[in-house]
Amino acid sequence: MDEDEIDDELDHCTFCTRDANQVERLISGPPGIFICNECVEVCSTLLDNAKKKKSVRPELGKVHTPQEIKDHLDQYIIGQERAKRTIAVAVYNHYKRLQYAKNDEDIELEKSNILLLGPTGCGKTLIARSLAQLLNVPFAIGDATTITEAGYVGEDVENLLLRLIQSADNDIPKAEMGILYIDEIDKIAGSKGNVSITHDVSGEGVQQSLLKLIEGTVSNVPPGGGRKHPEQKYLQINTQNVLFICGGAFSGIEEIIKRRVGSNIVGFSIGENGENQQQSENMEDNDYLFAEVKPEDLVEFGLIPEFIGRLPVVTSMESLNEEALIKILCEPKNALVKQYKKLFDIDNADLTFTNDALKAIAQKAIERKTGARALRSIVEDIMLDLMFDLPNDSDGARRHYVITELVVNEGKAPEISIVDDKESA
């Protein structure tokens, strides 16, 4: 056998195709498969870089002060002064802890998750969403009512984390510094008052499964959602630095607080002349009761003590009266009146809501008992026909539409006038 035939039979690297004479070492694998030392070094470098990239925690940037956080919330949330101040301090301390805890190994700073109590439509979810917008961190909303114990129809608690991972574009280190808002948390309270022969699959058992998640643990999350099963691959996320905000209406807890503090306390108020004045039972009385909530009230409502202990910051939100609803219509950055004025301006028209019209809309919202959520549906209904005809009314002249109380309450046509060119300029 000559030399040329021997060269043809030399083993080659399966990756770079160089033969044994061109590299320092050729490592054999399965029959006919080889890899050279240089390809091994390239693969090792790629794996090291990927590992370093994965382990680097994203920078938070500036840690906003409580005043800066509250100022931002003021742009979107009307009223709720106490709640905004409480949350601003809690969020500041949380992200300050993430920013500076690594420089102090002697003291371990623990996070303070938040529990928000308040009637529906008072702005609980909006506060959480506005926070995430300011802090520029991933934010997700989960619904506690969809979670059930393992083995029952529903979702595992880990599916809440999947929404957070998805909001971070599947960047898990980024998701680990995000905010997860769990809504309807009061719906998983154990049914202590009603004894049932059926198992409470969405009550105390779900609270138990949320304990480690909220406190901080490495959780296995199914990438496609649904129930976990042994054969599937998982996404691993550490929840130690995830800020959990839980919100709920806690309807009925007022009676529990009344029994504890005594009903006479909320029966009188101090008048302008310093005299006691009897109050009627109204929304403001419930606001006072919500502000007096204690952990033992939440336990009696049906939350287990261990779960309450994972939510050390408890704050209540006030129900919205007529004045607050009118401000919500007009003042925030995303106020409905501002949005519709902009839409009309795009169609070369002006829009005005009279004070009486705004009051009528607020009164309708109060009647529906769904807080600020009712405002959009009421305004959408009022504006539907007008918005339908608006593009057809454009003949070059700029029109001014005035929404009055008669438009809101009786469905009358709005007042329309032609805007003078000089006036519009």
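**View 1. An open sheet of three strands, in the order β12-β13-β14 with mixed pairing.** Strands here are DSSP runs of E with at least two residues, helices are runs of H or I with at least four residues, and both are numbered from the N terminus. Because β12 (349-353) and β14 (415-418) each have a single partner strand, they stand at the edges, and one side of each is left without a neighbour in the sheet. On average, neighbouring strands of this sheet are turned by 20° against each other, direction ignored. This is a predicted model, in which local features need pLDDT of at least 70 and side-chain atom pairs count only at pLDDT 80 or more, while totals for chains, interfaces and linings use all residues. Residues are numbered from 1 along each chain as its sequence is written, and side-chain values use heavy atoms, with hydrogens and water left out.

**View 2. The pairing of β13 (residues 399-403) with β14, which is antiparallel over four bridges.** Two strands count as paired if DSSP finds at least two bridges between them. In this pair, arginine 399 stands opposite isoleucine 418 in β14.

**View 3. The contact between helix α15 (residues 355-368) and helix α16 (residues 373-389).** The two helices pack at an angle of about 125°, with their axes 9 Å apart; axes are lines fitted to C-alpha atoms, for helices over the stretch in contact, and angles run from 0 to 180 degrees between N-to-C directions. Contact means heavy atoms within 4.5 Å, and Ile361, Lys364, Ala365 and Arg368 in α15 meet residues of α16 including Leu375, Ile378 and Ile382.
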